[in-house]
Amino acid sequence: MISCEGCGEESSNLKCPTCSKLGLSDAFFCSQDCFKSSWIIHKAKHISTTVYNPWPNYHYTGPLRPHYPLSPTRLVPELIQRPDYAMDGKPISEMRIRGSSKIENLSKADIEHMRTVCKISREVLNEGRKAIKVGVTTDEIDRVVHEACIGNHKFQFARFNSLYPFKERDSYPSPLNYHGFPKSCCTSVNEVICHGIPDKYELKDGDICNLDVSVFFNGYHGDLNETYLVGNVDEKGRKLVETTRNCLDQAIAMGIAPKIIFTSNTKVVTVRPGTLYRDIGNQIQKIAGVEGFSVVRSYCGHGIHRHFHCTPNVPHYANNKAVGTMKAGHIFTIEPMISEGVWQDRQWNDGWTVRYSKFKLINIIDSELQAVTMDGKRSAQFEETLLVTETGVEGQNQSLPGGPPGQGGKDGEKDKKKEKKKWEPPLPTRVGKKKKKGPDASTKLPPGWFTYLVTCK
C-alpha cells in the first residue's frame, strides 16, 4: 500500500489532480482532510522545475545569468519577533529618520543587545559557509542560513526536512522582505558586487561567492559578510579576495590604533580618537590601488542597531564627502567592495529600485538592487560591525564555535596554537595572538570575531 504524503499512514486511491495535469508523479493521500491540511506544503511541488532566464534580452556585463524560478518565500515561526517591514516590506522606522545626519550614541543596554545579535550573526554565517561547495545552489545556501536563523523548531524541520542540527536562535533574517527582498541572505557570485538574490544557480569550480548575513534579534540588527573561494580559484581571484580582506583589516586598524601613523604620497595621517568617517575610504583605496584593483563607490558602510541601515554613512573610496566623527556609542559597518576592473556598476532587472540617496555623490544604503560590475569582472567584499566605546579595545582572538578545525578549534574548542597565522582564503576566520595587557596592546585584531570595539579614550 502506498503511504499518504501528508501523514505517512497507509493511503487510499485519493491522489492530487494537479500533479496528474502537470505530468508529475502521483501524490496519494488518505483522506480529503489530510490533503487539505498538507496543501500549503504540497503545492510547492507544482512549481515548474525548468530553469530559465527571466530577462533574455537584457545586456549582461559578464557570463553570470539569473536562474529562475525562485523558490517560495521561506516561513518564519510566529513566536519570532519581526522587524516593522516583515509584512509589507516598508521599514517605517528608517523612513521616519530619512535625511537626518544625526548619529545615535548607544547606551550600555543597547551595546549589550548589539553584542548578542552580532554573535548570533557570526554563528549563522559560520553555518552558511559550510554549504558553499561546488554544485550547491545559492538557494540551498539561503535555506541553510534561514534555518540557522530561526533555529531548531519542530514544525520547520518537518516541513523542510532539514539535515542541520541548529540550536534555537529565534532570530529573524533581516534581508527577508526588506524593501521586498525575497530571500533570507545575499549571495553575490563573481561579477555580482552585492545584493545577489539566491536562486537555482549551481556554484562552479573557480567561482568566488560572497555570503552576506544579517540577523534581527530582540529589536536589534547584526550584519556581516565574507567572500569565499569555491574549488580551485585562479591566482588573480585569490589575490582579489585577500586584498579585499586586507582593506577591511587596515580600515579597522585605523579606528583601534590611536598611536599608529599611516603615510601616503602626499601627507601623514595620524589616527587618533575622533577619526573622521571620510578618512576610512582614503586608507582602503590606497591599499586596493597598489594591487591594481578599484573601489566600488555606489554602495557604502552604514550605521546599524534598531534600524537595519542608518547614519553614519561610510564610503570606501578616497576624497569622499561623508559627514561625522567617531564618538563613543557609535556603531557602524565597514564593508569594502573591491573589483578587478572598473568601479562602476550596473543593476539587473530584478524589480528593485534605489529608494533614496542621502548624499548626491553616492547611492546610499537602502538600495536592494542586484549590482554587477560594469565590465563583467569579478568583485569581492568583506564586512564587520564596529562599536566605538570609551573603555578601550576588546576582542576575541578566535573563531566562534562551529568553525573548521584549526580555525578556532574543532567542535568549538580553543585552538592551542598561540602564534597568529597569516590569513588565507577561503577561511577568513583565523586564530590570532592573545591580547596583551597595558598600553602596548596589539592594535590589529584578526578577522573572524563578530565585532571590534573601537577605543575613543
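Author: In this predicted model, the accessible surface of the protein chain comes to about 20700 Å², and carbon and sulfur atoms account for 51% of that surface.

Reader: What percentage of the residues in the protein chain are buried?

Author: Of the 457 residues in the protein chain, 55% are buried. As for contacts between residues at least 6 apart in sequence, 70% of them join residues at least 24 apart.

Reader: How many helices and strands are there in the protein chain?

Author: The protein chain has nine helices and 19 strands.

Reader: How should I read the order of strands in the open sheet of three strands?

Author: The order is β5-β16-β15, and the pairing is antiparallel. The edge strands, each of which pairs on one side only, are β5 (192-194) and β15 (345-347). With direction ignored, neighbouring strands of this sheet are turned by 45° against each other on average. Two bridges join β5 to β16 (residues 371-373) in the antiparallel sense, and Val-192 stands opposite Val-372 in β16.

Reader: How many disulfides does the structure hold, and why is there no bond at the sulfur of Cys-185?

Author: A disulfide is a covalent bond that links the sulfur atoms of two cysteines. The structure holds zero disulfides. The cysteine sulfur closest to that of Cys-185 is in Cys-186, and because the two are 6.8 Å apart, they are too far for a bond, the cut-off being 2.5 Å.

Reader: Are Cys-185 and Cys-300 buried or exposed?

Author: Cys-185 is buried, with a relative accessible area of 0%, and Cys-300 is buried too, with a relative accessible area of 5%.

Terms used:
Residues numbered from 1 in each chain as written. Predicted model: local features only at pLDDT ≥ 70, side-chain atom pairs only at ≥ 80, totals over all residues. Heavy atoms only, no water. Buried < 20%, exposed > 50% of the residue type's maximum accessible area, 1.4 Å probe, protein only. Helix = DSSP H or I, 4+ residues; strand = E, 2+ residues; numbered from the N terminus. Contact = heavy atoms within 4.5 Å. Areas by Shrake-Rupley, 256 points an atom, 1.4 Å probe, with all protein chains shown as cover. Pairing = 2+ DSSP bridges. Axes fitted to C-alpha atoms, helices over the stretch in contact; angles between N-to-C directions.
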